[in-house]
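Here is a short briefing on charged side-chain pairs. The sequence and model come first.

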Amino acid sequence: MQLIVVGDRKEVKTQELLERIYARWIPNRLLVHVDPQALPKKLADGNEVVKALIAGGDWTPSVRVCEAGVCGMPIESVEELEKELARV
């Protein structure tokens with residue numbers, strides 16, 4: 001499972017989403033944080049999803065869950081993230 005977190009690390013909502021992810025054991029987890037203060041530009045060169053997120057410029061705290069190369073819609077609430085992670 002790949003998780004892409006978008007949002008400023010200093011924002012409370014972003015911190016809450018990251019805490020929920022870190023609190024769970026997720027086998028083979030790959031976590032990417034797209035923080036507007038420290039954009040992963042080199043990663044974006046090889047990852048179309050990250051490139052699109054950076055180009056879009058929407059820094060609303062959210063998580064995208066990706067599996068088999070397909071990413072879902074952004075999850076903005078901690079409750080919805082919990083539901084999604086519970087299925088792992």
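E67 and R87 form a salt bridge, with their closest N and O atoms 2.3 Å apart. The pair joins distant parts of the chain: E67 sits in strand 3 (residues 62-67), R87 in the segment after helix 4, 20 residues apart. A salt bridge here is a side-chain nitrogen of Lys or Arg within 4 Å of a carboxyl oxygen of Asp or Glu. The structure holds six of these salt bridges.

**Basis**
- This is a predicted model, where local features need pLDDT of at least 70, side-chain atom pairs count only at pLDDT 80 or more, and totals for chains, interfaces and linings use all residues.
- Residues are numbered from 1 along each chain as its sequence is written, and side-chain values use heavy atoms, with hydrogens and water left out.
- Helices (H or I, at least four residues) and strands (E, at least two) are DSSP runs, numbered from the N terminus.

**Exposure of E67 and R87**
- E67 is partly exposed at 37% relative accessible area, and R87 is partly exposed at 49%.
- Buried means under 20% relative accessible area, exposed over 50%, partly exposed in between (1.4 Å probe, protein chains only).

**R24 and E82**
- R24 forms a salt bridge with E82, their closest N and O atoms lying 3.4 Å apart.
- R24 lies in the loop between helix 1 (12-23) and strand 2 (30-34), E82 in helix 4 (residues 78-86), 58 residues apart.
- R20, R24 and E82 are linked in a salt-bridge network.

**E80 and K83**
- E80 pairs with K83 in a salt bridge, closest N and O atoms 3.3 Å apart.
- About one helical turn separates them, because they are three residues apart in helix 4.
- K83 counts as exposed at 56% relative accessibility, whereas E80 is partly exposed at 40%.
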